[in-house]
Amino acid sequence: MKHSYILRTALVLLLLIPAFISKAQQNEDLLNLLIKKNVLTQQEADSIRSDQAVKAQAQKDKDKKNQHGVYIGSKALQVSGLIQTEYEGFQQSTVNNTFLLHRARLDVKGDINDAWSYEVYTEFAGVTPKLLDAYTSYKIADYLKFSAGQFKVPFSLESLTSDSQLDFIDRSQVDNALAGRSTDVIGNQNGRDIGIQISGSFAKVDNRYLFDYTFGVFNGAGYDVTTDNNNHKDIAGRLSVHPIDNLTVSGDFYNGIDNYIIGTVKTAANYKRNRDGIDARYVIGGLSLQAEYDKGTDATIRRDGWYGQAAYFVIPKKLQLAAKYDNYDPNKVIGTDRTYIYTGGASYFFNDWARFTVNYLDRTEQATTQIKNNILEAQLQLTF
């Protein structure tokens, strides 16, 4: 009897080898056929089904987690991080070439259960640590999730893209100026604010959702602050459409009344700060195409800009070449202040978590007098 069971088990394993690389339905059909031919008993087939289910769930959990995530309490604690060391070489002789610690971040997040999750994301580069994200989320269904705390404002594709996933070292001029980043009138807020928002996906077609949406209410004072600096609340919203696989087209807006920064001092006066934008991204094989247009009104000053970029893996998953055209007008009334940047870049991926990127930025001003301000940048990135 024992030898018979061993022989039957060996036969089953041999017959199941092709099925492991096919669909689940094919596995089920094969098991039913083996039962019908009396090669397997119903109990043995149920045991195999149980093993397959456990392995499938384990693979899903593995795919979901970070490459080197640390899990405690069944996904309740996930620890990851990002380190980016950069070199900047300036064409201007009056500016010093320098090495700098671009980013040094630690991310702690987790799923308490199927509904509740959280994230705490901290930046350690710079003079003092900064709290980037700190929020909790409650998911009712795919079409409705509530979030509260500090997180990215739902405006601008490039701003919402993770720093480790950017095709270039720096974001575009218009993103920095209108999405709460380095040259925005409210100062560099890393695209973040404190507030509440709802988000979700709906209208499923061919195993993908046709629409994603996000709508939030925010202080407008930026991140890593204790209280709002005025009694107004800002609103932002974003709607994305996925008409075909791997194509996303989005429109977004931001309406607020905020305190501006003049020099290094935040004013006590409140001014209008409104934005509108549209963007798209398409990925096919090793090629990715992306474009974005944003416009904004700060008090009475109208600004706008756009960029278009392409990136392609000439060696799959190893060597990526990229090119970008980026222009920005800080004041629509003035006709000679638009700046154009042409960026060429190459990234070498050592593996899934280590990447070396080189960018060259050719800058041109609309003004008659040109500034020799081209930049060579190199960055080593490690995620864990």
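Biologist: Which residues lie nearest the centre of the largest cavity?

Modeller: The largest cavity is lined by 14 residues (on a 1 Å grid over the protein atoms alone, a cavity is a set of points where a 1.4 Å probe fits but cannot get out, and lining residues have an atom within 4 Å of a point). This is a predicted model, with local features needing pLDDT of at least 70, side-chain atom pairs pLDDT 80 or more, and totals for chains, interfaces and linings using all residues. Residues are numbered from 1 along each chain as its sequence is written, and side-chain values use heavy atoms, without hydrogens and water. Nearest the centre of the largest cavity lie Val 153, Ala 179, Gly 180, Tyr 254 and Arg 273.

Biologist: Which strands each supply at least two residues of the lining of the largest cavity?

Modeller: About 110 Å³ of space lies in this largest cavity. At least two lining residues each come from strand S7 (192–205) and strand S11 (265–284) (strands are DSSP runs of E, at least two residues, numbered from the N terminus).

Biologist: Which elements give two or more residues to the lining of the second largest cavity?

Modeller: The second largest cavity holds about 50 Å³ of space. Its lining consists of Gln 84, Asp 163, Leu 166, Phe 168, Ile 169, Arg 355, Thr 357, Gln 379 and Gln 381. The elements that give two or more of these residues are S16 and S17.

Biologist: How many cavities of 30 Å³ or more does a search of the whole structure find?

Modeller: The largest cavity has about 110 Å³ of space, and the second largest cavity about 50 Å³. With volume taken as the space filled by probe spheres set on the points, joined across faces, edges and corners, the number of cavities of 30 Å³ or more in the whole structure is 2.

Conventions
On a 1 Å grid over the protein atoms alone, a cavity is a set of points where a 1.4 Å probe fits but cannot get out, and a pocket is an open set with protein on both sides within 12 Å along at least five of seven lines; lining residues have an atom within 4 Å of a point. Helices (H or I, at least four residues) and strands (E, at least two) are DSSP runs, numbered from the N terminus.
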